[in-house]
Amino acid sequence: MPKLKMAALWIFCIGFPLALWEWYRIIPGEIANQPKATYAELVTILLTGLTVALALFAAIAGVLAIWGYSNIKKEAATVATGAVESTVKTAVDKHLNDETLGATIRRELRPIVLEVVREEMPPDLVAGLYAAAFPQAPRTGEAPSERIAEELPGENNGAR
Amino acid sequence: MGLDKQVQDFIRRLQDKAPVDITGIAKVLGLKVWESSQLPPEIAGKLFRDRGSPLGQQQYNIVVRAQDPVVRKRFTVAHEIAHFLLHSGLFATELVDDALYRSGLSSPVEAQANAFAADLLMPWHLLMSVIDKSPSELASLFQVSEQAMKIRLESGRIPTAVG
């Protein structure tokens, strides 16, 4: 398709001045009475057309070059980003799955997290944790554990 | 809802060795501690004021669930002592704490009771002298759960009335 377009452009650049010159030469009337163009003039016109065509071609080539550069730049950035992401992901996956490193991170992070908890955790929340820190007896087959006080009097008849 | 300095000092004198004699502290404060086998699992314990005799004074009582492990019963007693000392104006005659030590009072009030109970059972002045032991050993020494001891050690000091 671009070849066809280029051919059309060349045909237009050469054919149009030629047709113009032929029309100018053969039309009747006042124009016809004008002096006939010489071959030197024809060559001049053709060369001018060629110059215009070359200028147009150069302009198009320039535009294409700028467009191509910007596209190449964009493509290069995409490829580079993809490569970096892939490499980093592989490295992170490899190292984070490393148990030794994981243990090291946990060991290093634990005091930091505890320090943050100690400093930042609201006292109410810490106090609330105590409520869950004392396990209940299993619900089935429960028997009284070691006593710390006497049995409530009148327990068996429902009185307090 | 702060605690009088004299009461703080008085309690501190009672916390003279580990494990803290929590029922002894309750007794000294004028509270009777009872165990009940009929409390359902959903109830950890309760604090109530009895009717009293026509001539006598009304008496505060603490009831804990007999089936609960000793460490839990001790914490329940400490929690009810906290309500008795700090929140007696917030309930009429009875305060029942569920399994998670919620009694219908506001969360900050319950949190204060929990923190106070932790201070009663694991006072820092006793802990500091044996702080080099493991949490498990400390839990056994203070007769609290290991988890509670870890929270105590890791969360640092929570400022309350005692401890």
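The questions and answers below concern a predicted model.

Reader: How many residues does chain B give to the contact with chain A?

Author: The model is predicted, and the totals for its interfaces use all residues. Chain A supplies 33 residues to the contact, and the number from chain B is 45.

Reader: How is the extent of this interface expressed as an area, and what is the value for chain B and chain A?

Author: The size of an interface is often given as the accessible area lost when the parts come together. On carbon and sulfur atoms lies 60% of the area buried here, and the total between chain B and chain A is about 3,500 Å².

Reader: Which residues in chain B lose the most area to chain A?

Author: Three residues together account for 18% of what the side of chain B buries. They are B:Trp34, B:Glu35 and B:Glu154.

Reader: Which residue of chain A forms a salt bridge with B:Glu35?

Author: The count of salt bridges between the two chains is 1. In the salt bridge of B:Glu35, the closest N and O atoms are 3.1 Å apart, and the partner is A:Arg147.

Reader: How many residue pairs are in polar contact across the interface, and how many residues on the side of chain B are nonpolar?

Author: The rule finds 8 residue pairs in polar contact between chain B and chain A, both residues being at pLDDT 80 or more. The side of chain B that touches chain A has 10 polar and 11 charged residues, and its nonpolar residues number 24.

Reader: Which residue is the bridge partner of A:Glu151 in strand 1 of chain B?

Author: Strand 1 of chain A, residues 150-151, is joined to strand 1 of chain B by 2 bridges, and the two strands run parallel. A:Glu150 has B:Trp34 as its bridge partner. For A:Glu151, the partner is B:Glu35.

Reader: What is the order of the strands in the open sheet?

Author: Strand 1 and strand 3 of chain B pair in the parallel sense over 6 bridges, with B:Leu31 and B:Tyr60 as one of the partner pairs. Strand 2 and strand 3 of chain B are antiparallel and share 5 bridges; B:Phe48 has B:Asn61 as its bridge partner. Strand 1 of chain A and strand 4 (94-98) of chain B are the edge strands, each pairing on one side only. The pairing in the sheet of 5 strands is mixed, and the order is 1(A)-1(B)-3(B)-2(B)-4(B).

Reader: Is strand 1 of chain B mostly covered or mostly open, and how many of its residues are buried?

Author: A residue counts as buried under 20% relative accessible area. Strand 1 of chain B is mostly covered, and the number of its 6 residues that are buried is 5.

Reader: Why is B:Asn114 classed as buried, and which side chain makes a polar contact with its side chain?

Author: B:Asn114 lies in helix 4 of chain B. Its relative accessible area is 3%, so B:Asn114 is buried. Leaving aside neighbours within four places in sequence, B:Asn114 is in contact with residues of chain A, including A:Ala127 and A:Tyr130, and with residues of chain B, among them B:Phe75. At 2.9 Å, the polar contact of its side chain is with the side chain of B:His79.

Reader: What percentage of the residues in chain A is buried?

Author: Chain A has 5 helices and 1 strand, and its elements run α-α-α-α-α-β from the N terminus on. Of its 160 residues, the buried share is 14%.

Technical notes:
Residues are numbered from 1 along each chain as its sequence is written. Chains are lettered from A and ligands numbered from 1 in the order in which they are written. This is a predicted model: local features need pLDDT of at least 70, side-chain atom pairs count only at pLDDT 80 or more; totals for chains, interfaces and linings use all residues. Side-chain values use heavy atoms; hydrogens and water are left out. Contact means heavy atoms within 4.5 Å. Buried area is the accessible area (1.4 Å probe) that two parts lose on being put together, summed over both. A salt bridge is a side-chain nitrogen of Lys or Arg within 4 Å of a carboxyl oxygen of Asp or Glu. A polar contact is a pair of N or O atoms within 3.5 Å; within protein, one must be able to donate a hydrogen and the other to accept it, and residues adjacent in sequence count only if both atoms are side-chain atoms. Ala, Val, Leu, Ile, Met, Phe, Trp, Tyr, Cys and Pro count as nonpolar, Asp, Glu, Lys and Arg as charged, and the others, Gly among them, as polar. Two strands pair if DSSP finds at least two bridges between them. Helices (H or I, at least four residues) and strands (E, at least two) are DSSP runs, numbered from the N terminus. Buried means under 20% relative accessible area, exposed over 50%, partly exposed in between (1.4 Å probe, protein chains only).
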